[in-house]
Amino acid sequence: MSPPAAVRALVVSGGHPFQREPFDEMLANLDGVTCEHVPRPAGAARLSSSGLGDADVVVLYDLPGIEFRRDGRLPALVPPTEDEKAGYESLLATGVPIVALHHALASWPTWPAFADLVGGRFHYVAGELHGTAYPDSGYRFNVQQHLTVIDADHPVTAGLDGGFTIIDETYCCPVFDDTVVALLHTDADLSDATHWSTTLAVTGSLEDRTGWHHPAGTPLAAWAKAAGRSPLVYLQPGDGPTAYSHPGYRRLLGNAIRWVASPAARAWAREQGATLR
């Protein structure tokens, strides 16, 4: 019997700095997955049900909707165009599987529906989410943390046993815990006492929390949810090469891509009946 065909993933990046070479090396070595990596703006044009080509899954490693400045001013928040919104909506209406990674959680801050799609939002500047006013979110680089498996029976956590220890960035930001299936928890301290203000960072003051306060973040480090008819998995780790090269992270990412592409995941998402608001 021939082995199953590899899942084909369209990976879209852009809008946030990352180390391209080690990222692409990781993508090239995921078990049972082949990746086409297309940075924005070309990648953005592919984000619709008619633009996927032969891809089975969309992987979001991009950060649209924010224009960063180098003169100390706050970044500009840019809404998606109607065509861009229609592209995402077509993905969800047709059940295209999605995996979102790390900084993709900060995408489209002026479009509430995107936060509902992915399961939360990282705020570069203060904003409102589900009727609650939030300060800018917190970040902390190079945190040694243990990721514990919460749902050992889920295909995304297969082969991870009790989890794994990794050094990567953590976030202190709002997540819709009650709308997702928890897959992994981090043991990192996610309070504002250990994180830095993102607004201060992007306006020129790195690793600073002067006058900044934020509610404690969620321990969720990976989750699954339905977005429209699409199965979606979000992985919070993935900032840089220490994650890209980690065998546990590679297994987690490969599992996530293969699971969302599966008939079982697609059927599960359809049954959930979630809608893009």
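## The nonpolar cores

Which residues of the largest nonpolar core touch the most other members? In this predicted model, the largest nonpolar core holds 39 residues, and those that touch the most other members are Leu60, Leu105, Phe114, Leu117, Val118, Phe122 and Tyr234. Two or more residues of this core come from each of the strands E1 (7-14), E3 (57-62), E6 (98-101), E13 (220-227) and E14 (230-235), and likewise from each of the helices H2 (82-93) and H3 (112-118). Helix H3 gives the most to this core, with four residues.

Leu232 is a residue of strand E14, and because its relative accessibility is 0%, where buried means under 20%, Leu232 counts as buried. Leaving aside residues up to four places away in sequence, Leu232 touches Ile98, Leu117, Val118, Trp223, Ala224, Lys225 and Val260.

## Helix H1 and its buried face

Helix H1, which spans residues 20-27, has Phe23, Met26 and Leu27 as buried residues. Seen down the axis of H1, its buried residues fall within an arc of 100°, and therefore they line one face of the helix. An α-helix has 3.6 residues a turn, so residues three or four places apart point the same way.

What covers these buried residues of H1 includes the strands E1, E2 (33-39) and E3, together with the helices H5 (241-244) and H6 (247-260).

## The largest pocket

The largest pocket has a volume of about 410 Å³ and is lined by 19 residues, of which His16, Pro17, Tyr124, Phe141 and Val202 lie nearest its centre. The elements that give two or more residues to the lining of this pocket are strand E9 (138-149), strand E10 (163-172) and helix H4 (198-202), and H4 gives the most, with three residues.

Sorted by class, the lining of the largest pocket consists of twelve nonpolar, four polar and three charged residues.

Technical notes:
Residues are numbered from 1 along each chain as its sequence is written. This is a predicted model: local features need pLDDT of at least 70, side-chain atom pairs count only at pLDDT 80 or more; totals for chains, interfaces and linings use all residues. Side-chain values use heavy atoms; hydrogens and water are left out. A nonpolar core is a set of buried Ala, Val, Leu, Ile, Met, Phe, Trp, Tyr and Cys residues joined through side-chain atoms within 4.5 Å. Buried means under 20% relative accessible area, exposed over 50%, partly exposed in between (1.4 Å probe, protein chains only). On a 1 Å grid over the protein atoms alone, a cavity is a set of points where a 1.4 Å probe fits but cannot get out, and a pocket is an open set with protein on both sides within 12 Å along at least five of seven lines; lining residues have an atom within 4 Å of a point. Grid points are joined across faces, edges and corners, and a volume is the space filled by probe spheres set on the points. Ala, Val, Leu, Ile, Met, Phe, Trp, Tyr, Cys and Pro count as nonpolar, Asp, Glu, Lys and Arg as charged, and the others, Gly among them, as polar. The arc is that of the directions from the helix axis to the C-beta atoms. Contact means heavy atoms within 4.5 Å.
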